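Biologist: I would like to learn how to read a contact surface between two chains. Where do we begin?

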2 protein chains.
Amino acid sequence: MGPAIPVLAVVGVGLIGGSYAAALRRAGHVGRVLGVGRNAQSLARAYELGLIDDTATAVEAAAQADVIMLAAPVGAMAKVLAEMRPHLKPGIVITDAGSTKAEVVQAARAALGDRIDCFVPGHPIAGGERVGPDAADADLYAGRNVILTPLPENAPRDVALVRASWEACGAHVREMDVQAHDRVLGSISHMPHFLAAVYVAQVARSGDAAERLALAGSGFRDFTRIAAGSTEMWRDIFLSNREAMLTELAALRAVLDSAEQALERRDGAAMEALLEEAAVCRRGWKLGNTK
Amino acid sequence: MGPAIPVLAVVGVGLIGGSYAAALRRAGHVGRVLGVGRNAQSLARAYELGLIDDTATAVEAAAQADVIMLAAPVGAMAKVLAEMRPHLKPGIVITDAGSTKAEVVQAARAALGDRIDCFVPGHPIAGGERVGPDAADADLYAGRNVILTPLPENAPRDVALVRASWEACGAHVREMDVQAHDRVLGSISHMPHFLAAVYVAQVARSGDAAERLALAGSGFRDFTRIAAGSTEMWRDIFLSNREAMLTELAALRAVLDSAEQALERRDGAAMEALLEEAAVCRRGWKLGNTK
């Protein structure tokens, strides 16, 4: 019996796509791996590192691959899918690793038309500061959560194929609907990045920013770590998940207002109740995966 | 020549006070150490651990000590100082480790009256999750910042004595005025705790909180770590630093408003500019001490 995925094509062989290829190769889950991308240097490096066996155009990948992983920025996916559309090999399954899902699904529907059934949207909740093929790591997904948001048009067999590939990477796979994914991720991933950026910008704009930063300690360090991330990526994620973010921001402002009012009226009991609610929640929480 | 501080009294022999005593003892900077506190069990444990040589009442400490370190909650300092006031040994120097300074100075002025000259306010920027005498650590202050906010009434000799004690603990000492301290700490220490608590409370109140928390990752983990801290301590700090916090909150809301408006009008350029400002600031920042 051959590998579960005879030919895999990865569009964007960086941290996310490269790690997926490396993990599947190590698990014996793939035969041949094709790398697709705009950056020739990046593809050459991926080849050198053994992440891919060959490079291919989007059209070649569509015609040859059994599974295509789109690990390109959310904004670039529509164009790639439209290029692939006329050349899709029968039975091909396309999945992605985009951080938001409603916009990706909308773009995929527009690009793939009646072939939307072959697109199984996904999102691995993993990442890191490093980028590019050199950051690829066969262990990146071990013990991490991957969310699939299957479409009504997907064949269960195709969803199972994508699920099995992530499980071969060592990930925990769960299925959610598209709106729930974007709401939940908007809350527990995108909102912290948004607030950390707003907070750091406010400190940076203060007249005595240098003195403040010189005295900042480990609380500041951890609270603001994510504000150092990729600005282009997070701009795209915020805009892509705009609806869910605005809904969360309204809910956040309601709590912020009540906390500020408690402070204004020197209401220690209300302040402590809020802090206690947060502390109980946070103390009871554990990172649900090993990394 | 005997030790720089023949008799030290520590009011509150927990993480902060106990670590100060342990570091000074290891440095040969103190002779005898007296422990003062309301919790007999805690004092017994501090004695067992060798942090103190004996226990004392506030009155005894005032009459016998050369230096008194107030490492009690900010709210408890006024009462202790008022008890000590009629019994202060000539030449005594009192300092503290409170997280805010304006309110502490106000309370000290009210309690000490014309003896305010002996009170040199201080704040070590160090801490940790653990509390009590068992958490005391002679290395806690090594490489950390300690801020002194001397009063116009202080004799330079007394400020130098307090400074030298912190330097003997391995700390970097800097002087600031009381208002600058509270503004700077309000911004880079208190505000992150306030925002982290508001954010976690908002997540905890959502209808699908369990699902959100199950999918939260390492960004959430670091952004919210400080929300698990002591609720009583942070309630007191927020109320004690109310003026500075309200000023910072107004500045933060202005940035939050503009970020939200950029999102509302799908303004990618404005969003990216804000993210870039924050990322540049955060990437250029380093924790200014070794822990």
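Modeller: Begin with contact, which means heavy atoms within 4.5 Å. This is a predicted model. In it, 83 residues of chain A are in contact with 82 residues of chain B. Of the interface residues of chain A, 99% are also interface residues in chain B, so the copies meet through the same surface.

Biologist: How many Å² do chain A and chain B bury between them?

Modeller: The size of an interface is often given as the accessible area lost when the parts come together. Here the two chains bury about 8,600 Å², with 65% of it on carbon and sulfur atoms. A:Leu215, A:Phe223 and A:Leu263 supply 9% of the area that chain A buries against chain B, more than any other three residues.

Biologist: What rotation superposes chain A on chain B?

Modeller: One of 180°, with 0.0 Å of shift along its axis and an RMSD of 0.1 Å. The two copies are thus related as by a two-fold rotation axis. A:Phe223 has the C-alpha of chain A nearest the axis, 2.0 Å from it.

Biologist: And how many salt bridges does the rule find across the interface?

Modeller: It finds 14 between chain A and chain B. One salt bridge joins the side chains of A:Arg225 and B:Asp222, at 2.6 Å from N to O. Polar contacts link 38 residue pairs between the chains, counting residues at pLDDT 80 or more.

Biologist: Which element gives the largest share of chain A's side?

Modeller: α7(A), with 18 residues. By type, the residues on that side of chain A divide into 46 nonpolar, 11 polar and 26 charged.

Definitions and conventions. Residues numbered from 1 in each chain as written. Chains lettered and ligands numbered in written order. Predicted model: local features only at pLDDT ≥ 70, side-chain atom pairs only at ≥ 80, totals over all residues. Heavy atoms only, no water. Buried area = accessible area lost by both parts, 1.4 Å probe. Salt bridge = Lys/Arg side-chain N within 4 Å of Asp/Glu carboxyl O. Polar contact = N/O pair within 3.5 Å; in protein donor to acceptor, adjacent residues only side chain to side chain. Helix = DSSP H or I, 4+ residues; strand = E, 2+ residues; numbered from the N terminus. Nonpolar A, V, L, I, M, F, W, Y, C, P; charged D, E, K, R; others polar. Least-squares fit on C-alpha atoms with pLDDT ≥ 70 in both.
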